[in-house]
Amino acid sequence: MARHAILVIDMLNDFIGEKAPLRCPGGDAIIPNLQKLFGWVRSRRDDNVQLVHIQEAHRKNDADFRVRPVHAVKGTWGSDFIPELYPQGDEYIVQKRRHSGFAYTDLDLYLREENIDTVVVTGVWTNVCVRSTASDALYHAYKVITLSDGCASKTEEMHEYGLKDLSIFTKVMTIDEYIEAWEKGEDPWIGGGDRENRVE
């Protein structure tokens with residue numbers, strides 16, 4: 001049976017909400033969608049689908065700040081998860097300092113220890129951290145699914161560009177489609193990618 005890890009990327013105070021200095025406006029809109037997804041995962045009787053929370057947690061003088069404003073410094077309010085999507089119980093947390101959740105973290109080690117074969121990406125920004133994490137998941141030989149209504153970017157245009165790129169090598173589907181596939185006993189990843197080079 002397939003084993004999935006849903007990566008919830010950077011749903012943090014510095015990105016979500018009116019007080020966020022690097023606000024991702026679309027991030028507010030996907031909160032209810034992700035809450036629905038969280039509720040479904042947490043109600044399951046098995047661990048074939050896990051929530052893994054990816055948390056940007058920079059050091060004070062991080063190299064990332066050479067190209068972007070200071071944000072999500074480790075230990076600050078800005079780096080903490082928004083209350084609506086706070087981790088619970090034994091849900092794993094991966095702290096990162098680069099766009100990808102795999103870069104210089106133990107994410108790959110955790111996934112292999114848990115026998116995960118499919119990575120499902122959600123969160124912000126679609127065209128930056130979500131895309132980077134999905135790319136690295138493919139490099140590590142995982143199957144990858146993108147939940148289109150569980151991701152957001154600074155603008156709808158950025159989000160759509162990100163989804164188009166992601167559709168080349170992931171399975172892009174909605175949260176409802178993802179849940180429905182599981183409920184039917186189907187592997188949601190089937191049909192992923194662009195083997196016929198149709199994406200324009």
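In what order do the elements of the protein run from the N terminus on? They follow β-α-α-β-β-α-β-α-β-α-β-α, with 6 helices and 6 strands in the protein. Helices here are DSSP runs of H or I with at least four residues, strands are runs of E with at least two, and both are numbered from the N terminus. This is a predicted model, in which local features need pLDDT of at least 70 and side-chain atom pairs count only at pLDDT 80 or more, while totals for chains, interfaces and linings use all residues. Residues are numbered from 1 along each chain as its sequence is written, and side-chain values use heavy atoms, leaving out hydrogens and water.

**Overall build**

- Along the principal axes, the C-alpha atoms fill a box of roughly 45 × 40 × 30 Å.
- Buried residues make up 53% of the 200 residues. Buried means under 20% relative accessible area, exposed means over 50%, and partly exposed lies in between (1.4 Å probe, protein chains only).
- Among contacts between residues at least 6 apart in sequence, 75% join residues at least 24 apart; a contact means heavy atoms within 4.5 Å.

**Two helix pairs to look at**

- The axes of α4 (residues 126–139) and α5 (residues 156–166) come within 9 Å and cross at roughly 20°. Axes are lines fitted to C-alpha atoms, for helices over the stretch in contact, and angles run from 0 to 180 degrees between N-to-C directions.
- α4 and α5 are therefore roughly parallel to each other. Angles under 35 degrees get that label, those over 145 count as roughly antiparallel, 65 to 115 as roughly perpendicular, and the rest as oblique.
- On the α4 side, the contact is made by T126, N127, V130, R131 and A134, and on the α5 side by M158, H159, G162, L163, D165 and L166.
- By class, this contact of α4 with α5 has 5 nonpolar, 4 polar and 2 charged residues. Ala, Val, Leu, Ile, Met, Phe, Trp, Tyr, Cys and Pro count as nonpolar, Asp, Glu, Lys and Arg as charged, and the others, Gly among them, as polar.
- For α2 (residues 31–43) and α6 (residues 175–183), the axes come within 10 Å and cross at roughly 15°, which makes α2 roughly parallel to α6.
- The crossing of α2 and α6 is left-handed. N33, L34, K36, L37 and W40 of α2 meet I175, D176, Y178, I179, W182 and E183 of α6, giving 7 nonpolar, 1 polar and 3 charged residues.

**Backbone spots in the loops**

- Most residues other than glycine have a negative phi, and most peptide bonds are trans.
- Y104, in the loop between β3 (92–96) and α3 (107–113), has a positive phi near 60° and counts as exposed at 81% relative accessibility.
- N115 has a positive phi of about 60°; N115 sits in the loop between α3 and β4 and counts as exposed at 57% relative accessibility.
- A cis peptide bond joins V124 and W125, with omega about -20°, and W125 is found in the loop between β4 (118–124) and α4.

Note on methods:
Left-handed = near helix turned anticlockwise from the far one by under 90°.
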